[in-house]
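Please find below some notes for a colleague who is about to read through this model.

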Amino acid sequence: MKTSFNVLLLSSLMIATSAPAPAETAPPLQYAKQGWTEDERQAFYTTSQGSHMMPYAWFKALRRLDVDEPFGGDQLQRYGYLPNDKSAKWNPEGLPVGFVIDGDAATGQLGMTCAGCHTAEIEYQKSGATQRLRIDGAPATANFQLFLTDLTAAARASLSDADRFQKFAHAVLGARYSTTRASELKTEFAAWIKQFGDFMDKSLPAAAWGPARLDAFGMIFNRVAGKDLGIDANIKSADAPVSYPFLWNASRQDKTQWNGGVPNGLYINALGRNTGEVFGVFADFAPQRMTDGPPAIIDYRKNSVRYDGLQALEEKIAALKPPPWPFDLDQDLVDRGRVLFAQYCGSCHEEKRLPQGTWYTPVKAVGTDEKMFRNSLRMSDSGLLAGALSPNPPGSTLAKQALTVDILATTVVGAQLAAAFPIPPRIPDFDHGVWRAISLDLADLLANEQTNPSVISLLNPKTREDLKAHIQDRLANMFRPPAPGAPAAYESRVLHGIWATAPYLHNGSVPSLWELLLPPERRTQSFMVGSRKFDPANVGYVTTESPFKDGTMVVGSGAQPGNSNAGHDYGREMSDDQRKALLEYLKQL
């Protein structure tokens, strides 16, 4: 009887200890008050821009290498991307924030939108409980390079391993599976892997970007000047990673991009900037040389850019408000900090409204890392675009060897104008795409004209050419830094909502606002990136942990080019008490 009792007791203990622990319930998600409705937010998360990474059916069939699960089964949360609830209206396939299908699930292409890189979530403690706060338009903490590397490796393994390919083929083809169709799929899949994998091998640097950063310019240059023009020699290592800029108030700046290289203020400017972004994030683009000229005539129409989606997203971003500080404030410190801000920060970061209604955005050399600026001035072979009209400056033509920014500007403006002014001409649809942007900008574009053109008058070649000339003038010198021969200079933005945009400086080399106020020699020499736990005292993320193996960033002595935390050395004479007051003021901007 005693033995039976002991066996029963042991069995009970084994059952108790081997049973899985109850799943940890995630804290409820809250949203910062930024002026968007839920539908507007979901439109930002799920509207296609024309990005074509790979056929969605292939992505859905792909399996992870580390565990036997669908590659996208966790909504890519292991890379730091944010989950988005499945919904029939907005997200029928249950993709993460910023990942979309261009087309339908059966035949469409998986792509990305700006939300994937410009949506953040912070976690913090309040009243003894963990809180989660979603901040739209804020820099993501995602690890993009790790995602691209793993995607490439999983695809290659699915091609080379016979068992993995059979599972992949059955998943893709379903009831249509046959040996012949599987063989055809393998040929098509191999061709995609060849171009995608080769591009990643040449573009992704050996020293990884790490979480919360990417070399956007480098990847865009490589796609347009390298892959799209078919010139492998134009593909260089994308080794100058930068932080994702915050989106609120971006439409109000007179210049955008970290190096200040994009004129701004009109919707057509934003459409051009975002067209370059889509070209870089996997859009299909195949310009064709029609005549040798001079000037050479190029057909830019063969691209997958969704101008309707880009314009709709830009209008939503223009309405996005900065996130309010979610914690208590010391009003006495705020008042003291306001005086210090005017003394030490205002000349670069206060609101200065220009006659056009935009905010003046100084582009200044303040001793910060030079690599992104220098890389933005690289040269490339212009290939089939040689001799084509360029907007940099208007009326010029591209030389055989040209600044890569000029090659990019030529393709972006060429694609925009081809969409707006097709041959033969047709009546514009002012509710869609490029013409939606033009219609919203007409008052500015034609400020010196006697009358605005009507829809019918735009069928007149002279009226169209006049309007086209105004547009070309406003798109001039796109992507060029304002002073390319000067020391490395970066934009100085108005700081509303700056508390939500860590890590700081253009390259993300300073972990918190507190450290940005310190002299460079007092800043942390290395720290960890990727945690969503927020540190309200220092105003940044917790830097003692990261979910990523490559989450440690060395930024001080011994930092590789591109990672230096030097520069922006202002207020050196301030006491730490004064810095605390200034920090309190910055929190509430």
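1. Which residues does Ile438 touch, not counting residues up to four places away in sequence? In this predicted model, the residues that Ile438 touches under that condition are Ile268, Ala420, Leu445, Leu467 and Ile471.

2. The largest nonpolar core has 56 residues, and the members that touch the most others are Ile438, Leu467, Ile471 and Phe479. At least two residues of this core come from each of helix 7, helix 8 (267-280), helix 9 (307-318), helix 12 (371-375), helix 13 (404-420), helix 14 (433-445) and helix 15 (461-474). The most is given by helix 13, which contributes 10 residues to this core.

3. Another core, of 51 residues, lies apart from it, and includes Ala120, Trp248, Val334 and Trp499.

4. As to confidence, the protein chain has an average pLDDT of 92, and 94% of the residues score at least 70. Where pLDDT is low, predicted coordinates should not be read in detail.

5. Helix 6 (residues 179-203) consists of 25 residues and reaches 35 Å from its first C-alpha to its last, which is close to the 36 Å expected at 1.5 Å a residue. Its buried residues are Ala182, Leu185, Phe189, Trp192, Ile193, Phe196, Gly197, Phe199, Met200 and Ser203. The buried residues of helix 6 pack against strand 2 (54-55) and helix 3 (56-61), as well as against helix 4 (144-160), helix 5 (162-173) and helix 7 (216-228).

Technical notes. Residues numbered from 1 in each chain as written. Predicted model: local features only at pLDDT ≥ 70, side-chain atom pairs only at ≥ 80, totals over all residues. Heavy atoms only, no water. pLDDT = per-residue confidence, 0-100. Helix = DSSP H or I, 4+ residues; strand = E, 2+ residues; numbered from the N terminus. Expected span 1.5 Å × (residues − 1). Buried < 20%, exposed > 50% of the residue type's maximum accessible area, 1.4 Å probe, protein only. Contact = heavy atoms within 4.5 Å. Core = buried A, V, L, I, M, F, W, Y, C linked by side-chain atoms within 4.5 Å.
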